[in-house]
Amino acid sequence: MMQRLIRGMRRALGLHHPGRNLEVWTDDVFIVSYPKSGNTWTRFLIANLLHPKEPVNFGNIDRLIPELAGLTKRQLERVPRPRIMKSHEYFDARFRKVIYIVRDPRDVVVSQFHFFRKRRRIADDYSIEQFVSRFVAGATSDYGSWSDNVASWLATRQNSPSFLLLRYEDMLARTGEELTRVASFLGVRATPDLLAQAVERCSADQMRKLEGTNATAMVVKDMRQDIPFVRAAKSGGWRTELPEPAIAELEARWGHLMTYLGYELLSPARTTNSDSRFVETILNGPSR
Amino acid sequence: MIYGIRRVLKYALGRDIAGRTLAVRPDDTFIVSYPRSGNTWTRFLVANLLHPGEQVTFANIERLIPDAEAQSSRYMKRIPGPRLIKSHQYFDHRYPKVLYIVRDPRDVGASYYNFSRKYRHIEDNCPLERYIGDFVHGRLSSSPWGTWAENVGTWMAARNGRPTFLLVRYEDLIADTPAELEKVARFFGVDASPGRLRQAVENSSADQLRELEKREGGEWVTTKNKRSDIPFIGSAMAGKWKSVLPESAVVEIESAWGHIMTQLGYQLATRTAESERTQLADTAVIGKQVE
């Protein structure tokens with residue numbers, strides 16, 4: 001009772017973190033992804049594009065493109081409109097304009113594994129196989145499983161003009177090109193110089209340097225410093241880091257969705273998921 | 001300010017509506033559907049099945065299978081586990097076990113129209129065609145549940161095929177109630193004899209529910225203070241849309257959601273709908289990206 005009274009007061013004063021109960025405005029834009037899918041990098045790219053005069057770092061990123069989960073209601077209300085915010089939420093009907101970043105789940109799980117060690121959420125000797133099983137069950141995240149998150153957005157919004165799907169792998173391979181798509185989606189005029197500058201300021205080397213100088217910033221503070229936040233920044237790391245049974249487990253569960261997104265399976269024959277039929281129907285839309 | 005204090009107190013006392021902030025427990029089971037899809041009927045069927053000794057009414061249904069969107073956090077907290085909860089939410093990954101009821105969106109739209117008039121959410125003379133347009137494009141201000149396709153699509157895409165998810169079509173429930181209810185009973189782990197099933201079906205008939213609504217509708221949380229000249233219990237049939245919806249409204253629904261409807265076994269009435277969508281899908285970003 002007392003606890004709820006205090007929480008109630010915090011609510012009335014706007015000091016609570018609304019998170020999923022955020023009051024959404026019609027002109028809000030959301031940069032959404034499952035955790036460890038390149039959201040921070042994309043955020044930096046977009047912020048650099050929108051604020052060319054102010055090089056983005058871990059100290060000012062939360063002002064330029066705030067993270068939904070990190071701000072109180074009052075702070076969120078003070079963000080200049082139109083607000084561009086980062087989020088990891090699975091489908092939320094109120095998010096009207098969404099940039100969704102998807103990444104090969106085999107790389108996501110490797111990245112999350114290292115991130116969990118960094119945050120001391122698992123012991124150093126925790127096996128990656130064990131971690132993959134928890135990951136597949138959706139037990140490593142408050143944002144659903146990887147497929148809950150991805151499929152809930154694709155099933156509802158993939159044909160919508162207010163939804164932009166980005167693959168992290170394409171962003172890596174053709175950063176400028178993909179960023180151009182983002183700019184036109186946001187209605188931002190982007191000259192080749194501006195694009196080049198944004199890309200340059202967000203190179204993996206540059207990002208690592210920024211992490212080194214802003215280690216006290218919100219994103220990375222209170223964590224082990226020997227494991228970096230900005231890690232490999234490449235795709236396909238799973239090929240060397242994931243043991244074969246772990247790959248098989250991931251592909252058996254999510255093979256249909258991975259194939260649909262263009263992630264080639266190592267063992268396609270093993271994919272026997274009973275719900276694939278419906279997911280494929282929704283994803284492929286009415287034409288096929 | 002007064003409003004603020006009232007809100008603080010309401011929250012402190014746990015009187016705030018649970019809704020999407022409901023504290024979910026690992027042993028909870030949910031009866032989920034889009035509104036106007038047979039959720040209340042299913043609730044009665046299940047409650048009558050689980051409590052054969054107790055006649056289920058609008059007076060005790062909120063205790064037996066509470067409505068998370070109508071009841072307070074405190075009320076929900078006091079229900080002993082394992083709880084059986086009614087909800088209209090689109091996909092929520094915290095729901096451990098879900099019975100999902102789906103209904104032909106053409107019937108849902110037609111039924112929702114009457115419901116919105118009952119709730120005074122729309123003018124009594126709002127044209128049905130305009131209403132269906134708002135229904136399809138997610139412009140119903142009264143509905144925090146997403147569109148029909150968002151609600152059905154998120155649940156199906158994330159959960160269909162899992163042992164913890166059971167999909168029931170309202171139309172199948174109408175066509176062979178005992179057979180579908182038996183599936184539900186098995187899903188809930190209840191051993192139901194044919195006699196018990198039959199009794200639950202009888203006690204939950206549309207006539208029975210209409211009678212109960214007449215007697216208790218004024219007190220039930222869902223229908224209290226709403227227009228009593230439009231009943232909450234609607235036609236209780238499948239295919240009413242054929243005689244109610246104008247053709248343009250049918251086209252609107254089918255061109256937006258035809259692919260999902262087909263997958264669920266709802267036959268489309270228009271072919272134009274199909275070809276329109278083909279063009280749309282061809283220009284879709286994702287279609288180009290992933291070959």
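pLDDT is the predictor's confidence in each residue, from 0 to 100, and two residues are in contact if their C-beta atoms, placed from the backbone, lie within 7 Å. With that in hand, select residues 278-291 of chain B: pLDDT stays under 50 over this stretch, for which the model has 21 contacts beyond four places in sequence.

Some housekeeping before moving on. You're looking at a predicted model, where local features need pLDDT of at least 70, side-chain atom pairs count only at pLDDT 80 or more, and totals for chains, interfaces and linings use all residues. Residues are numbered from 1 along each chain as its sequence is written, while chains are lettered from A and ligands numbered from 1 in the order in which they are written.

**Colour by confidence**

The predictor gives the complex an ipTM of 0.82 and a pTM of 0.85. Chain B averages a pLDDT of 87, with 90% of the residues scoring at least 70; for chain A the mean is 85, and 88% of its residues reach 70 or more. Elements here are DSSP runs numbered from the N terminus: helices (H or I, at least four residues) and strands (E, at least two). In chain B, the lowest mean pLDDT among the elements belongs to helix H15 (residues 285-289), at 33, and the highest to strand E3 (residues 98-102), at 98. Over in chain A, helix H14 (residues 276-284) is the lowest at 59 and strand E3 (residues 97-102) the highest at 98.

**Show chain B alone**

Chain B has 15 helices and four strands. Its radius of gyration (taken over C-alpha atoms) is 20 Å, close to the 19 Å that the globule rule (2.2 Å times the number of residues to the power 0.38) gives for 291 residues, so chain B is as compact as a globular protein of that length. Along its principal axes, the C-alpha trace spans about 60 × 55 × 45 Å.

**Pick out the sheet**

Now select the four strands of chain B: they form an open sheet in the order E2-E1-E3-E4, with parallel pairing (two strands pair if DSSP finds at least two bridges between them). Strands E2 (84-87) and E4 (165-169) of chain B are the edges, each pairing on one side only.

Zoom in on E3(B). Four bridges join E1(B) to E3(B), and B:Val32 stands opposite B:Tyr100. E3(B) and E4(B) pair over five bridges; here B:Leu166 is the partner of B:Leu99, and B:Leu167 that of B:Tyr100.

**Finish in the core**

Bring chain A back. A nonpolar core is a set of buried Ala, Val, Leu, Ile, Met, Phe, Trp, Tyr and Cys residues joined through C-beta atoms within 7 Å. Of the 134 residues in the largest one, A:Ile99 and A:Tyr100 touch the most other members. The largest share of this core, seven residues, comes from helix H7 (residues 148-159) of chain B. Last stop: select A:Ile99, whose contacts, leaving aside neighbours within four places in sequence, are A:Ile31, A:Val32, A:Leu164, A:Leu166, A:Val182 and A:Phe185.

Key
Buried ≥ 20, exposed ≤ 12 C-beta atoms within 10 Å, placed from the backbone.
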